[in-house]
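I opened the notebook to record what I looked up about helix packing and a few backbone details. The structure goes in first, and my entries follow.

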Amino acid sequence: MDVKAWWRKNADKVLTRPGSGHSAKRRPKQAAHKVRALLQARMQNVDDFTVLHLSMNDEPVEVYFLNTLVDESNIYESILLPLQREDGRRPVRALPLGQLVNPDEEMKITDNLLRGYTILIFPERDEVLQVNTFKAPHRTISPPETESTVLGPQDSFVEMLEVNLSLIRRRIANPDLKIEVHSIGTQSRNKVAILYLEGIANPENITRVQERIKNTEYHGFVGMPILKQMLEDKPYSPFPQFGLTTRPDNAAAALLDGRILLILSGSPEAVICPAAFLELFSSPEDFYNRWSTASLLRMIRFLGLFLTVLLTSSYVSVLTYHPEMLPPPLLTILSESRNRVPFPPVIEVLIIELVIEILREAGIRMPTKIGQTIGIVGGIVIGTASVQAGLASNILIVLVSVSALLSFVPPNFLMSNAIRLVRYGFILSAGFLGMYGQMLMLALMFAHLLNLTSLGTPYMSTGIPRVWSDVFNSLLRTPFKFIAFRSGMANAKKKQIFPIDEE
């Protein structure tokens with residue numbers, strides 16, 4: 001039997017008794033009248049705002065809720081039936097999950113209604129109760145798409161904050177796991193949860209995160225990457241300073257290492273802070289593979305960073321300023337390949353790089369079934385046509401393709417975007433200054449990375465370890481008996497022996 005349909009049809013017959021109801025001569029009391037006036041004023045022109053006027057045991061009761069956030073059959077079974085059965089008892093005792101509402105907390109009452117609570121007003125008793133009846137459809141837990149692995153768990157975060165918190169609780173059944181929920185967004189009023197292990201996480205980092213969230217002013221957060229950019233130490237940098245993951249196992253491992261986790265309602269990503277540069281080249285599968293295989297894969301990812309920024313820029317600098325660096329046979333092949341190309345090398349490289357970016361963007365926007373096919377076929381057709389038309393050399397097509405593939409090697413998507421952006425700086429510097437421009441850009445990039453911090457912790461702390469045990473889990477992943485220590489990135493800073501007076 002469909003309880004929801006039955007209740008809609010027979011609620012008035014079952015719950016309302018003849019002769020009962022709120023008398024017109026009986027004046028409502030202060031608390032009930034204040035909350036009723038507040039809800040009616042704030043919820044004008046809200047189509048899903050539902051009001052039920054019922055009578056429970058000869059006593060009037062008003063029920064307020066948003067039908068898009070609750071299950072009406074759940075309201076009938078968990079609220080209305082217990083109130084009808086408990087004759088003469090106070091509503092707060094008949095509903096164990098009910099909470100008395102303070103009518104002076106106007107913002108809290110409205111926020112709770114918008115979060116799926118049901119507000120019950122009892123005019124005769126001058127009592128107002130709220131019950132959490134939130135139940136909305138959400139996406140089922142599925143394997144992660146952006147961080148897929150062959151080994152390990154195959155679940156990922158969803159857009160429901162409560163579901164994401166349960167996925168973490170299932171992995172860390174420890175009362176020291178603290179969860180603080182804050183409301184952010186002046187208009188959206190999103191909920192963001194701060195998770196950390198008490199006694200393991202650095203108290204200074206916890207305080208920094210709490211202060212930054214409280215001081216964040218924005219009209220609404222529709223995704224965690226937006227909040228992440230507003231919490232980072234230096235948001236103007238192209239490099240991400242916090243980790244971003246959709247895997248609960250990766251998030252749980254970060255909590256056990258002393259990191260702080262941020263989860264936003266309505267977003268399937270979690271932010272890990274603080275984070276280090278080399279950690280963004282690490283994959284969760286590194287810990288499920290053998291240490292030798294994981295070390296090899298990490299080295300390939302890290303070397304891919306240098307290859308992707310230096311490969312096409314070296315093509316420009318060698319052909320423009322330093323042809324003597326190539327062996328004569330290779331120089332002859334390059335010269336023959338560029339016989340019909342009318343552009344200088346820097347313009348030639350920029351054109352092909354932009355074509356690759358356009359193909360990538362088009363493949364993302366197209367439907368999944370045809371996006372990959374169009375991307376592959378389009379790349380082959382455009383590359384072949386460009387060579388035949390004399391717009392690019394065939395060697396450049398190979399170099400640009402390899403460079404584009406290497407830019408996607410890092411597991412962190414935001415790091416891949418940063419590398420692609422930095423690559424254009426290397427190409428332009430090579431076009432103006434040749435190999436000297438490349439080395440200058442490389443020095444500037446490392447100087448910028450050394451100047452970055454993540455929650456006040458040096459961004460390169462894994463490459464330049466703060467504790468000796470960090471070297472066992474940086475560029476190489478040693479056996480687990482050597483990495484049974486927490487990383488020094490989450491530890492508190494050591495006190496200075498000779499304190500420096502700050503002006």
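Before the first entry I need one term: a crossing is left-handed if the near helix is turned anticlockwise from the far one by less than a right angle, and right-handed if clockwise. I also note that this is a predicted model.

**Entry 1: α12 and α14.** I looked up how helix α12, residues 345-365, passes helix α14, residues 394-407. The crossing of α12 with α14 is right-handed. Their axes come within 10 Å and cross at roughly 50 degrees. An angle under 35 degrees would count as roughly parallel, and 65 to 115 as roughly perpendicular; α12 is therefore oblique to α14. I then listed the residues in contact: α12 supplies E348, V349, I352, E353 and I356, and α14 supplies L396, I397, V400, S403 and A404. Sorted by class, the contact of α12 with α14 has seven nonpolar residues, one polar and two charged. I kept a general point beside this list: an α-helix has 3.6 residues a turn, so residues three or four places apart point the same way.

**Entry 2: α15 by itself.** I took helix α15 next, which covers residues 413-433 and so has 21 residues. From its first C-alpha to its last, α15 reaches 31 Å, close to the expected 30 Å. What caps the N-terminal end of α15? I found N412 there, with a side-chain oxygen 3.0 Å from the backbone nitrogen of L414. After α15 comes G434, with a positive phi near 70 degrees.

**Entry 3: α10 and α15.** I looked up the packing of α15 with helix α10, residues 291-320. The angle is about 25 degrees and the axes are 8 Å apart. The two helices, α10 and α15, are therefore roughly parallel to each other. Their crossing is right-handed. On the α10 side I wrote down L305, T308, V309, L310, T312, S313, V316 and S317; these meet I419, V422, R423, F426, I427, A430 and G431 in α15. The contact of α10 with α15 divides into nine nonpolar, five polar and one charged residues.

**Entry 4: two loops.** Which residues does a cis peptide bond join? They are C273 and P274, and omega is about -5 degrees. I placed P274 in the loop between β10, residues 270-273, and α10. N45 lies in the loop between α2, residues 30-42, and β1, residues 49-55.

Note on methods. Residues are numbered from 1 along each chain as its sequence is written. This is a predicted model: local features need pLDDT of at least 70, side-chain atom pairs count only at pLDDT 80 or more; totals for chains, interfaces and linings use all residues. Side-chain values use heavy atoms; hydrogens and water are left out. Helices (H or I, at least four residues) and strands (E, at least two) are DSSP runs, numbered from the N terminus. The expected span of a helix is 1.5 Å times one less than its number of residues. A polar contact is a pair of N or O atoms within 3.5 Å; within protein, one must be able to donate a hydrogen and the other to accept it, and residues adjacent in sequence count only if both atoms are side-chain atoms. Axes are lines fitted to C-alpha atoms, for helices over the stretch in contact, and angles run from 0 to 180 degrees between N-to-C directions. Angles under 35 degrees count as roughly parallel, over 145 as roughly antiparallel, 65 to 115 as roughly perpendicular and the rest as oblique. Contact means heavy atoms within 4.5 Å. Ala, Val, Leu, Ile, Met, Phe, Trp, Tyr, Cys and Pro count as nonpolar, Asp, Glu, Lys and Arg as charged, and the others, Gly among them, as polar.
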